Amino acid sequence: MTVITGMPDVPRAARRPQIGNPVLRWLRANLFSSIPNGILTLVLLAVLAKGVIGFAQWGIANAVLLTPANDSAACKAVRGLGACWAIIPEKYRFILFGTYPFDEQWRPALSVVLFIALFYLSTRRALWRRELGFIWIGALALISVLMWGGVFGLSFVSQDRWGGLPVTLILATFGLAFGFPLGILVALGRRSKLPAIRSLSVLYVELIRGVPLVSLLFMASVMFPLFMPAGFNIDKLLRAQIAIILFAGAYLAEVIRGGLQAVPRGQYEAADALGLSYWRKHRLVVLPQAIRHVIPPLVNTFIAFFKDTSLVLIIGIFDLLTTAKTAIIDPAWQQFSVEVYIFVAAIYFAFCFAMSRYSRSLEATSRR
């Protein structure tokens, strides 16, 4: 006797042919699926529309885009009604480059372009070869020449004159570039079978994570020179850089340690069965899988440290946010700080959003 089985039990609504506009179907399913959801959607849309219309009137319709040189009279006339974007072309060079000599500001501008080019090249998987490391070394050497000068006919500019976006990029790039391998070593140290190495790694992580970055910056600025030989002085930018590297290394170590714990035990045993040494096992088998597991928290940590570079203000380093604050000390433009902060926030957002989008694409690629 032959038994004929019927169709699987599928909900009747799912078997209906999908008719109508797909946009309307999406709106009904996601925004107006019930009466309470529909009411909440309409309320949020009304609030959003009011905010967008208000910002458009303030930031576009009633805004002042340009004024004569250092003349804020037109902006003061519309204060409270429109934005004064004229402060941006008036102060943008100081915001972006600080007190760097005016006629030489093409040098930090070119350095920023080089940094962005390096970031872009590093996102291309086809370039993930040894040559990329040489490109980074050459580009960073060129950036150093541009910022310091003193060679090739360039005038020397001390680090005290550096400021703005180049300083933010230098602190963030070097902090993460050196903090990441430090974090890997500390994470491996915390899982070491040698008690001395494990204890030192735990002590380092707990000590650094137990204090805020502000205190580390103070220590690097005030206490660190006391341990140096007489007559030996380290620039405060380098001292701040060391503090940021140590701080980043401790936090990244915990993220990477979580990835190491997520790697199946069988992967370690398989690498041992192949006769791989400790370092080859981790470099070829364990770490690639561990880092793949923790891409989202790693990028989240990168973004947080990029923004934390603004804390160097407390030791007198002029990063991007500090130069923005200093730019509005001018009495003629003191009343228009909101526009300056929006401009700086847009710069921070552009870099952070780019990192976030790249992490999503990298995570999707690693799962294929």
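Predicted model: local features only at pLDDT ≥ 70, side-chain atom pairs only at ≥ 80, totals over all residues.

Residues are numbered from 1 along each chain as its sequence is written, and side-chain values use heavy atoms, with hydrogens and water left out.

Let me begin with the core. A nonpolar core here is a set of buried Ala, Val, Leu, Ile, Met, Phe, Trp, Tyr and Cys residues joined through side-chain atoms within 4.5 Å, where buried means under 20% relative accessible area, exposed means over 50%, and partly exposed is in between, with a 1.4 Å probe and protein chains only. The largest such core has 87 residues, and those with the most contacts inside it are Trp162, Leu165, Leu217, Leu260, Leu320 and Trp333. Helix α11, residues 236-262, gives the most to this core, with 12 residues; helices are DSSP runs of H or I with at least four residues, strands are runs of E with at least two, and both are numbered from the N terminus.

Now to the rings. Rings of Phe, Tyr and Trp (its six-membered ring) pair if their centres lie within 6.5 Å, and planes under 30 degrees apart count as stacked, over 60 as edge-to-face and the rest as tilted. How many aromatic pairs does the structure hold? There are 15 aromatic pairs. In one of them, Phe247 and Phe305 have ring centres 5.7 Å apart and planes at 85 degrees, so the pair is edge-to-face. This pair links distant parts of the chain, with Phe247 in helix α11 and Phe305 in helix α14 (residues 295-308), 58 residues apart, and both residues are buried.

Phe306 and Tyr348 also form an edge-to-face pair, at 5.6 Å centre to centre and 70 degrees between the planes. Phe306 lies in helix α14 and Tyr348 in helix α16 (residues 337-366), so the pair ties together parts that are 42 residues apart in sequence, and Phe306 and Tyr348 are both buried. Elsewhere, ring pairs link Phe55, Trp58 and Trp85 into a cluster.

Two single residues are worth a look. Ser359, in helix α16, is buried, with a relative accessible area of 8%; leaving aside neighbours within four places in sequence, Ser359 is in contact (heavy atoms within 4.5 Å) with Ile295 and Val299. Glu131, by contrast, lies in helix α7, residues 130-148, and counts as partly exposed at 44% relative accessibility.

Finally, the record. In an unreviewed entry, UniProt lists several spans as "transmembrane region", including residues 134-157 and 238-256; such annotations may be inferred rather than shown by experiment. In the model, residues 134-157 are 62% helix and 0% strand, whereas residues 238-256 are 100% helix and 0% strand.
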